[in-house]
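The stops below follow one another as selections.

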Amino acid sequence: MIEFDRAGVRVPVASGDLQILAPTSLSLTEQRVALIGPNGAGKSTLARLVNGLATPSSGQVRVDGLDVATRGREVRRRVGFTFTDPAAQLVMPTAAEDVALSLRRTHRHRAERRAAALDVLADFGLEELADRSVQTLSGGQRQLLALAGVLATAPSVLVADEPTTLLDLANARMIGDLLLGLPQQLVLVTHDLDLAARCDRAVLVTDGRVAADGPAAEVVAHYRATAGTARPAGDRG
Ligand SMILES: Nc1ncnc2c1ncn2[C@@H]1O[C@H](COP(=O)(O)OP(=O)(O)O)[C@@H](O)[C@H]1O
Ligand SMILES: [Mg+2]
């Protein structure tokens, strides 16, 4: 369970402090939660609070009762995070080495780690690419590999920040279907409203606050009906 307890984020800017997320209280228990809304609304900020990539300047965020601010290490073992651009997390030269890196805590011996990495790659249909340079993989393959690396650590929650934004239609469908089929709790930031509508719950973020929250299909329909009527992103008066 993910709990936001009046969690707000302020960041210092030249003109003083900017509140990029108003104090927000949410209790996320659903299996698949979509975070939707315009560019600059605060979706990534909200998502990043879940694993401590962002820190609340007021209030608290808890995962399974653990305060993210003080129990970050334990929280990050439970919460996997994937970035829009898989290049942000694929740091090793080959696919197998990259997944093996994720397994360094659970598999101390090099050969064991390699074998486990190959198993993970096989689960994701990437076994043929094990020794390929990450640089030579397609966008879809890279996103799949990034997911494989994160899921290899068996998190109980996956936070995915716009995982399909850079992908073509076929790869976006493949990754989207995979994400919605995961056994993990999923927090999915996305502009793919069809994908968002297939989640259990959607939270619409606009202007640094929750503007709507409820069954995904309803919130997506509300967003489709109202998008474009709010002030542009970044215009906070
Ligand atoms: N560290 C920061 N310093 C200043 N402004 C920031 C910082 N992080 C985010 N912002 C601003 O906060 C707003 C929300 O950002 P973000 O959460 O990335 O939005 P989204 O993911 O919905 O596009 C944006 O206007 C962004 O420019
Ligand atoms: Mg974002």
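A residue is called buried under 20% relative accessible area, exposed over 50%, and partly exposed in between (1.4 Å probe, protein chains only). This is a predicted model, in which local features need pLDDT of at least 70 and side-chain atom pairs count only at pLDDT 80 or more, while totals for chains, interfaces and linings use all residues. Residues are numbered from 1 along each chain as its sequence is written, chains are lettered from A and ligands numbered from 1 in the order in which they are written, and side-chain values use heavy atoms, with hydrogens and water left out.

**Whole protein**

Begin with the entire protein in cartoon view. The protein contains 8 helices and 10 strands; helices (H or I, at least four residues) and strands (E, at least two) are DSSP runs numbered from the N terminus. Along the principal axes, the C-alpha trace spans about 55 × 40 × 35 Å. The radius of gyration is 18 Å, in agreement with the value near 18 Å for a compact globule of 237 residues; this radius is taken over C-alpha atoms, and the globule rule is 2.2 Å times the number of residues to the power 0.38.

Next, colour by accessibility. Of the 237 residues, 48% are buried. The accessible surface comes to about 11,300 Å², and carbon and sulfur atoms hold 50% of that area. These areas come from the Shrake-Rupley method with a 1.4 Å probe, and for residues only the protein chains shown count as cover.

Contact means heavy atoms within 4.5 Å. Among contacts with a separation of 6 or more, 64% are between residues 24 or more positions apart.

Then select the charged side chains. There are 26 positive and 27 negative ones, and the centres of the two sets lie 6 Å apart. Lys and Arg count as positive and Asp and Glu as negative, without His and the chain ends; each charge is placed at NZ of Lys, CZ of Arg, CG of Asp or CD of Glu.

**The sheet E2-E1-E4-E5**

Select E1, E2, E4 and E5 together. These 4 strands form an open sheet in the order E2-E1-E4-E5, with antiparallel pairing. E2 and E5 (66-67) stand at the edges with a single partner strand each, so one side of each is left without a neighbour in the sheet. Two strands are said to pair if DSSP finds at least two bridges between them.

To see one of the bridges, pick Pro 12, whose partner in E2 is Asp 17.

Ile 2 stands opposite Val 63 in E4, and Phe 4 has Val 61 as its bridge partner.

Move on to E4 and E5, an antiparallel pair with 2 bridges. Val 63 is bridged to Leu 66 in E5. Which residue in the turn of this hairpin has a positive phi? Asp 64 does, at about 50°, and 2 residues separate the two strands. Asp 64 lies in the loop between E4 and E5 and counts as partly exposed at 38% relative accessibility.

**Met 1**

Select Met 1, in the segment before E1. With a relative accessible area of 39%, Met 1 is partly exposed. Beyond its neighbours within four places in sequence, Met 1 contacts Ser 27, Leu 28, Thr 29, Arg 62, Val 63, Asp 64 and Gln 185. Gln 31 is 30 residues away in sequence, and its C-alpha is 9.6 Å from that of Met 1.

Proceed to helix H5 (residues 139-151), which includes Leu 151. Is Leu 151 buried or exposed? At 11% relative accessibility, Leu 151 counts as buried. Apart from neighbours within four places in sequence, its contacts are Phe 124, Leu 158, Leu 182 and Gln 184. Phe 81 is 70 residues from Leu 151 in sequence, with a C-alpha to C-alpha distance of 9.3 Å.

End at Glu 162, in the loop between E7 (157-161) and H6 (169-180). Although not a glycine, Glu 162 has a positive phi of about 45°. Its relative accessibility of 13% counts as buried.
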